[in-house]
Amino acid sequence: MIKFADDGAFYRGRIDLTGRSSAMQVIPSVCTFCGVGCGIGLRVEGNRVVGVEPQPGHPVSQGQLCSKGWSTSFAIDPADRLTQPLIREGAGFRPASWDEALERVAGAFRDALAEGGPRAVGVISCARATNEDNYAAQKFARAVLGTNNIDHCARICHSPSVAGLSLTLGSGAMSASIADIDRADLILLIGADATENHAMIGARILRAQARGARLVVVDPRKTRLARLADLHVQLRLGSNIALLNGLLHIIFANGWENLQFLRERCENLEALREHVAGLTPELTSAQTGVPVAVLQQLAYEVSQASAAFIAYGMGITQFQSGTNNVVAVSNLALVCGQVGHPGAGINPLRGQNNVQGACDMGCLPNVYPGYQEAISGEVQDKFTKAWGVPMPRMPGLTSLGMTGAALSGDFRALMIMGEEPVLTDPDQHHVERALRALDFLVVVELVLTETARLADVVLPAASFAEKDGTFTNCERRVQRIRRAVSPPGEARTDWQILADLAGRMGYAGMNWADAEAIFAEMTSLTPIFSAMSYPVLDAHHGLHWPCDADHPQGSPLLHTQGFPRGKGRLLPVSQVDPDECPDAEYPFFFTTQRLHFHYGGGSMTRKSPLLERETPAGLLFIHPQDAASLGLRDGQGVRLRSRRGCLETRAQVSDDVPPGTLSMPYHFREAPCNILTNSAQDPQSKMPELKACAVAIEPLPLGVAPRAPGELAEEGDDVQG
């Protein structure tokens, strides 16, 4: 028996073993495991989420879920959740009331502001929190703390997309919709492992291939999708610009460019043509390791396709050349005219469920909500009038800038909301030293993460199932989530915590009645969201921004007539090798990846026994040729060293990686690969080079289990490298 309610929920009647009837309520929501934005139904009994199911007819997920989505209930289960504020006392924590904890936080921020001014305080918001939470976070930073020091994890995933595509197009978001995959005759994936990271997009790609679309994967690794592709272009790690420039050379040399599109909609063509004129296929092949015949085939296919859906991931962005890598992707798409028509586009695949939304809400040091420039006097005046206090004039620090300033003694107090920089940021020892150097750290979290263990105050947060709000997926679709159950114990939503804290610091402008009031305030100040409201979103399974008076039904496809900056800009860029390349002391390239059954730092997926049994411990992928030369067996323990640190894990012998390259997922706190990674930064976006560094490897004796970093330190090993 199914009964529908006015709020869109429905109820399934059942009889338990005692003969008593009960009702299971199903609340429509959105999955939080990646940027795809799949529709889920939260099955609720007795104020507890007991399971999930796909939303039938959902436009993104089409009634399907991946293995992580099916395990959502484990991630938010009350077991091991934080249920009351904690205050550091000695080496541990003691429970505290909200009054005591928030007064401690407010006092610490007041002290830091008095001693160091607005440059000495900041907020790192959360790409898994709602748009409403993130809007509140950046408003708290700017209106209460008086600083533009607001950032989030987009800094280490797609900040080069925002920077690079803003330069070339004027907009840094996915230009097409996920549904455009169905209209493409060529799907080109560059540095993106969609079947592992964005499973429902990966499934859609495979269905499109089965219908006849060509699938080309450009990746140093033999990913699952690469093995299924019509063409796998296995380039050398870090040679992305060399490859893309070489393709342009071939396209220009053969007259395959879309001249009509270029004449009507682009500028700077001749400068780009001249820049790549000498980059012959033979030279490109030498730089990338890709055979000349494969280069010529790829250049032909992408230039001659009727509609090429070009997507990329962190295999493009997480380099010190990340912004220029994105520019090079844009150059290829523009030269081939593969932008602004159905089935085509430039499409960054965002990692976390609301990383697009956190950017949209202005949780970046250089923009307010809707990408309104923070350094613009007109924008500052607009928000000064709206929020009733002067806006900060000084540029803000990125998240890595804040940690750097903490080490130099110039940064004193930081709030981290739902992020895990100790596991996810590069050079883990550097991050830990920076957080310990702060006068004060407050962490807002679901569970006691590695980052939270370093805090002075820990505040318990509500999960997505315990609040109302919106998420924005990678295709710019803003979707509603609804409160299904109450938060455990005394946990609160992020925006409620921030509003209470703002009031204690003397600012009354965040005293919202509910999440819908926050959304209404945001849309009133943000042109690209101005036609959105909760009822409108409910009626359409969400809408894509821009959604305004000219586009009241949203904009699934961007750039159909022009670009936000006017004409598309072709920008010559040159190959930049990784900051660290293998040498005699560190003879292997090292890169990072994700696994299908895990997500982020593992704080959600590793609570699921179903997911944990698939990959229960950390591992290192090594090519059989390299394993043989080291005398290394599959499953044997190994020690890895870089210039920044040392860790131990177990080897998995696989030809997924090419000879000379090692790869490791970052989900496992007992084998945190970011002990090894390099913090060298892209000068434009400040993206750290997480995808390439140099390491040395040595087998552990057979039968010796890998040790966690803490055990290495206890036994006196040089964990600093």
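A disulfide here is a pair of cysteine sulfur atoms within 2.5 Å. This is a predicted model, where local features need pLDDT of at least 70, side-chain atom pairs count only at pLDDT 80 or more, and totals for chains, interfaces and linings use all residues. Residues are numbered from 1 along each chain as its sequence is written, and side-chain values use heavy atoms, with hydrogens and water left out.

**View 1. C673 and its closest cysteine sulfur.** How far is the sulfur of C673 from the closest cysteine sulfur? That sulfur sits in C693, 9.1 Å away, which is too far for a bond. C673 has 1% relative accessibility, so it counts as buried (buried is under 20% relative accessible area, exposed over 50%, partly exposed in between, using a 1.4 Å probe and protein chains only).

**View 2. C34, a cysteine in no disulfide.** By the sulfur-distance rule, the count comes to 0 disulfides. For C34, the nearest cysteine sulfur belongs to C38 and lies 6.1 Å away. C34 is buried too, because its relative accessibility is 11%.

View 3. Strands are DSSP runs of E, at least two residues, numbered from the N terminus, and two of them pair if DSSP finds at least two bridges between them.

**View 4. Strands 14 and 15 side by side.** Strand 14 (residues 308–312) pairs with strand 15 in the parallel sense over 4 bridges. Look for I310: its bridge partner in strand 15 is I346.
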